[in-house]
Amino acid sequence: MTKISHEKVEVVIAGSGIAGSTMAAELGEAGFSVVVLEAGPERKLSEMISSQIWSRRLRWAGPEVQETGDLVGAANFAMGWGTGGAGLHWYANWYRLHPDDFHVRSKYGRSLDWPISYDDLRPWYDHAQAYFGVSGDYDPNAPTGAPYPMPAIPISDQSAAIKKGFDAEGLTLSLNTLAVNSISYDGRAGCLLDGWCDAGCPIGALANPLVLQWPRAQKAGVELRHNAYVARFETDPSGSRATGVVYIDENGNENVQPADIVISACHTIWNARLLLLSSTDKHPDGLGNRSGTLGQYFTSHALTTIHGLFERETEPHTGVTGANTLCLEDYDNKLPAKDAFGSRAWLVGQAAKPNDLLGTALAKPELFGDALDDYLRKASSHYGNMTVLCEEDSIAENRIVLDHSKNDRFGLPQAHVTNSLPQANVVRSEMAKSEGLRIFKAAGTSEAWAGPRNPMHMIGGTIMGNDPSSSVTNSFGQLHEVKNVFIAGASLFPTPGAINPTATLAALVFRTADHIRTNRSSLLP
Amino acid sequence: MMRRRRFVTRMISAPFWTSIFARGLSEKAEAKTVEQTSYKRLTHSDADVLAAWCDVIVSGARPAGVANFIDQSLSGDPASSLLLLRYLKASDMADFYRKGIIGIETESHHRFGVPFLQLAQHQQKEMIEAAVASNMQVWHDPDPNFFYFISRSDAVDVVYGTEAGFADLGIPYLAHIPPPKPW
Ligand SMILES: Cc1cc2nc3c(=O)[nH]c(=O)nc-3n(C[C@H](O)[C@H](O)[C@H](O)COP(=O)(O)OP(=O)(O)OC[C@H]3O[C@@H](n4cnc5c(N)ncnc54)[C@H](O)[C@@H]3O)c2cc1C
Ligand code: SF4
């Protein structure tokens, strides 16, 4: 195999998703020389074809993950592949973790604590929402922060039908907060409410890296190399400094990219695996794993979707794929019943087309033939849905490890993820399901039913903490043991809360970029 | 198919209906050509069984070219695959379908003593019901219920998930970038 060496740069970043591209733009604009290595191909806006069938080409096509446990199956769905990663087909629901989510262990004696509090992250949330462009109205049940830069997207027919049920339960339904332009913003168009976000938003109304971060990064001189699969990080003989990364190019050649600062932004499973693959005699159990916690505390959100058919027309194919409305009331009640634990959030009124995982047809998988056809004709104009996200406790047993008995296409040991929902979270999720069915019945559905519990989002595995003996990085995502290696992404979160992770992930990236900028002289030799 | 076409005539104004119908005809012509071209990954008999299975699940899946849709994705670069299966089981997708087709045939022989294609309509329906209820007697791998779920999604894709399928359901397509072809 040919080995190709490249000229040294100041920063090398593995992964070009929202985490990697935001970091690249920030550090490029701060004057660092930056190379980003992306495993997948180059993507263009023209590939965002409005079709659930064609959109699958944007999904993960990297090595396979083995998954065991009762809350798994999201690994391939959750990832993108190519410029922008999952940022090309995410739904842009934009939420802040709540203050208590940062102190679960101290307050409830379970799960973990973050090394920072909501107040530490609040200014970075404010910054991130202006950068991405977030629409939303004041919500008394959401954490405090700066007003959103755009007004909320108005209530949809689907949400209006469902709202009756929330009113009956005495719960407040608010307009959703989304990184989607309700009006034109920052040179990008306003949303047309056509419901194609899952296939990508080529007009850039939804903040995606092709319209947001990459133009900035490229202007700042950041180099992006595609089809570059990072196989490991290299360290000096003392094991205390990374010297760069090794990657495999599209011809199967090994490349060495020396760098002063190495950043992993490959998404949860792959961040942990990369560190595990980078073991040396000084780091025999994986880079930065003296604590033994590398790979541990993997979490997800336990998701259940409530479906229903309404008498009134709901136009379910319109709106955004994310959610039109939101209920955070009672989110802060993490002990809703004896034996139940965790927050929950309702995401209400997602646009639904007939096909794919979130489509109206798969909402009733048992129907076939004429019964399916009859149902689809009704559902096409009368369907409504809402999804509850429930918190999962962080426990060491749920983790990412290497399986040395199976190699991937690059000849590297496969990742193996174990995730089972702790019992108190199962009870919490069941309570939420009952609540959802009650709401849909009160909303006057002719039929309401719940889908199965599924995982959504991949979190943890390279958790941050103050104590190097029980965490992998500090609060800046900097490895405790190798100071010029940083991790970016949701793999850093010690706890997941019960809301989608990207606003928090972005806030952390901005905070880390600021830390690197501020400590430039000590980080560069 | 007849039922669906009748519905369309009721819901959509005449000029639009004419265009859909014309498209339907050309799709049928295309499907005919598809039947005559050789499959790249599936054998002809495998493709016939798969198409018949999918057609019981979603009426119209066979003429819409479901076997060709699956074969096209199985024979190309996996990164370009258009199949839902790639979310849920990315390794050896061809093997998954091959084993599933063997499962259909084995179960059909076990239950009725003849291949699936020779079953009466109600017997084919009984097989699908058994897959839905996880009630197969001799077919275990791949999980028949999961195979049903995936093949149902493929059938839904080609019948309801295309521009013509949306129109047939009365759903405005509203594309930013219309698909260059249905799949
Ligand atoms: C359908 C869907 C809807 C979503 N909706 C929401 C939402 O509404 N709100 C929200 O907050 N979040 C949402 N998410 C989650 C959100 O997309 C992620 O949190 C976010 O995109 C993660 O960004 P990332 O950069 O960490 O990872 P990714 O976007 O996955 O990017 C990682 C990149 O790294 C590359 N890579 C991996 N391994 C290597 C390697 N070894 N070498 C080089 N490159 C590598 C991959 O190819 C990929 O491009 C959604 C996700 C999906 C899939
Ligand atoms: S609904 Fe709005 S955000 Fe989604 S793809 Fe269409 S224009 Fe873009």
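**Salt bridges, interface and a buried strand**

Guide: The side chains of Arg56(A) and Asp157(B) meet in a salt bridge, at 2.6 Å from N to O. Please keep in mind that this is a predicted model.

Visitor: How many salt bridges cross the interface of chain A and chain B?
Guide: The rule finds two across that interface. It also finds 25 residue pairs in polar contact there, both residues of each pair being at pLDDT 80 or more.

Visitor: And how much area is buried between the two chains?
Guide: About 4100 Å² is buried between chain A and chain B, and carbon and sulfur atoms give 63% of that. On the chain A side, Arg56(A), Phe368(A) and Arg377(A) lose the most area to chain B, together 19% of what that side buries. The contact takes 44 residues from chain A and 47 residues from chain B.

Visitor: Is Glu26(A) buried or exposed?
Guide: Glu26(A) has 8% relative accessibility, so it counts as buried, the cut-off being under 20%. Arg517(A), at 30%, counts as partly exposed.

Visitor: What does Glu29(A) meet in a salt bridge?
Guide: Its partner is Arg216(A), at 2.9 Å from N to O. Here too the pair links distant parts of the chain: Arg216(A) is in helix H5 (residues 213-219) and Glu29(A) in helix H1, both of chain A, 187 residues apart. Arg216(A) is partly exposed at 32% relative accessible area, and Glu29(A) is partly exposed at 39%.

Visitor: Which residues are linked in a network of salt bridges?
Guide: Asp95(B), Arg98(B), Lys99(B) and Asp141(B) are linked in such a network.

Visitor: Now the strands. Why is strand S2 of chain A described as largely enclosed?
Guide: Six of the six residues of S2(A), residues 9-14, are buried, so the rest of the structure largely encloses it.

Visitor: Which strands pair with S2(A)?
Guide: S2(A) pairs in the parallel sense with strand S9 (residues 254-264) of chain A over five bridges, and with strand S3 (residues 34-37) of chain A over four. The chain passes from S2(A) through helix H1 (residues 18-29) to S3(A) in a right-handed β-α-β crossover.

Terms used
Residues are numbered from 1 along each chain as its sequence is written. Chains are lettered from A and ligands numbered from 1 in the order in which they are written. This is a predicted model: local features need pLDDT of at least 70, side-chain atom pairs count only at pLDDT 80 or more; totals for chains, interfaces and linings use all residues. Side-chain values use heavy atoms; hydrogens and water are left out. Buried means under 20% relative accessible area, exposed over 50%, partly exposed in between (1.4 Å probe, protein chains only). Helices (H or I, at least four residues) and strands (E, at least two) are DSSP runs, numbered from the N terminus. Two strands pair if DSSP finds at least two bridges between them. A crossover is right-handed if, with the strands pointing away from the viewer, the path from the first strand over the helix to the second runs clockwise. Contact means heavy atoms within 4.5 Å. Buried area is the accessible area (1.4 Å probe) that two parts lose on being put together, summed over both. A salt bridge is a side-chain nitrogen of Lys or Arg within 4 Å of a carboxyl oxygen of Asp or Glu. A polar contact is a pair of N or O atoms within 3.5 Å; within protein, one must be able to donate a hydrogen and the other to accept it, and residues adjacent in sequence count only if both atoms are side-chain atoms.
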